[in-house]
Amino acid sequence: ARLLPRLMADAEVPLFLELRFAVKVDVNFGLLGFATTVPFTKRCGMGLAGVLTDTAESRLGPLVCRDSFAEVAEAILAARGAAPGRMRFTGAQMDPDRIRLGEEVKNVRTIGMML
């Protein structure tokens, strides 16, 4: 109910969302193998053009993800002039520390299974 007046009057409204997903790594060596799942939670957002805003571009701004919603709000403002394009995600962009940890666990388990 509070969103509708802003969509009608404002040129752009920030839209915030929390992404929650799990990445599963499953490695098999014939009869041996292991699997692990790593949960990810990211705070993201984008600008949504107001209803009365005339735009030839997309009505959604670029998706930005940060550690807090305050940082997302700042990043949405900074991303207003970004060129449109395709979104691509890599693990390193989402959470480099968890990716590094996952690689270490994979390497230790793989070497351990070979011994």
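User: Start with Glu-18 and Arg-43. What makes this pair a salt bridge?

Analyst: This is a predicted model, and the distances here are computed from it. The closest N and O atoms of Glu-18 and Arg-43 are 3.7 Å apart. The cut-off is within 4 Å, so the pair counts as a salt bridge. The pair links distant parts of the chain: Glu-18 lies in strand E1, Arg-43 in strand E2, 25 residues apart.

User: Why is Arg-43 called partly exposed?

Analyst: Its relative accessibility is 28%. Partly exposed runs between the 20% limit for buried and the 50% limit for exposed, so Arg-43 falls in that range. Glu-18, at 32%, is also partly exposed.

User: Which other salt bridge does Glu-18 form?

Analyst: One with Arg-20. The closest N and O atoms of that pair are 2.8 Å apart. Arg-20 has a relative accessible area of 66%. That is over 50%, so Arg-20 is exposed.

User: How many salt bridges does the structure hold?

Analyst: Three. Lys-42 and Asp-67 form one of them, at 3.9 Å from N to O. That value is within 4 Å, so this pair passes the cut-off too. Lys-42 sits in strand E2, and Asp-67 in the loop between E3 and H2, 25 residues apart.

User: Are Lys-42 and Asp-67 buried or exposed?

Analyst: Lys-42 has 13% relative accessibility, which is under 20%, so it counts as buried. Asp-67 has 59%, which is over 50%, so Asp-67 counts as exposed.

User: Now the strands. How do you know that E1 and E2 pair?

Analyst: They have 18 bridges between them, in the antiparallel sense. The rule asks for at least two, so E1 and E2 count as paired. In this pairing, Asp-26 stands opposite Ala-35 in E2.

User: What is the order of the strands in the sheet?

Analyst: The order is E1-E2-E3, in an open sheet with antiparallel pairing. Strand E1 (12-29) and strand E3 (64-66) are the edge strands.

User: What makes E1 and E3 edge strands?

Analyst: Each of them pairs on one side only.

User: Where does helix H2 pack?

Analyst: On the sheet, where H2 touches E1, E2 and E3. The direction of H2 makes about 115° with that of E1.

User: Which residues make up the largest nonpolar core?

Analyst: Val-64, Val-72, Ala-75, Ile-76 and Ala-79. Helix H2 (residues 69-78) gives the largest share, three residues. Ile-76 has contacts beyond its sequence neighbours, among them Leu-15, Phe-16, Met-46 and Val-64.

User: Why is the pair of Phe-16 and Phe-69 called edge-to-face?

Analyst: First, the ring centres are 5.8 Å apart, which is within 6.5 Å, so the rings pair. Next, the planes meet at 80°, which is over 60, so the pair is edge-to-face. Phe-16 lies in strand E1 and Phe-69 in helix H2, so the pair ties together parts that are 53 residues apart in sequence. Phe-16, at 37%, is partly exposed, and so is Phe-69, at 33%.

User: What makes the pair of Phe-21 and Phe-40 stacked?

Analyst: The planes are 15° apart, under the limit of 30 degrees, so the pair counts as stacked. The centres are 5.6 Å apart. Phe-21 lies in strand E1 and Phe-40 in strand E2, 19 residues apart in sequence.

User: Is Phe-40 buried or exposed?

Analyst: Buried. Phe-21 is partly exposed, at 34%.

User: What does Arg-98 touch?

Analyst: Val-38, Pro-39 and Phe-40, not counting residues up to four places away in sequence. Arg-98 is in helix H4 (residues 96-114). The C-alpha atoms of Arg-98 and Pro-39 are separated by 9.4 Å, although the two residues are 59 apart along the chain.

User: Why is Arg-98 called partly exposed?

Analyst: Its relative accessibility is 36%. That lies between 20% and 50%, so Arg-98 counts as partly exposed.

Key: Residues numbered from 1 in each chain as written. Predicted model: local features only at pLDDT ≥ 70, side-chain atom pairs only at ≥ 80, totals over all residues. Heavy atoms only, no water. Core = buried A, V, L, I, M, F, W, Y, C linked by side-chain atoms within 4.5 Å. Buried < 20%, exposed > 50% of the residue type's maximum accessible area, 1.4 Å probe, protein only. Helix = DSSP H or I, 4+ residues; strand = E, 2+ residues; numbered from the N terminus. Contact = heavy atoms within 4.5 Å. Axes fitted to C-alpha atoms, helices over the stretch in contact; angles between N-to-C directions. Salt bridge = Lys/Arg side-chain N within 4 Å of Asp/Glu carboxyl O. Phe/Tyr/Trp six-rings, centres within 6.5 Å; stacked < 30°, edge-to-face > 60°.
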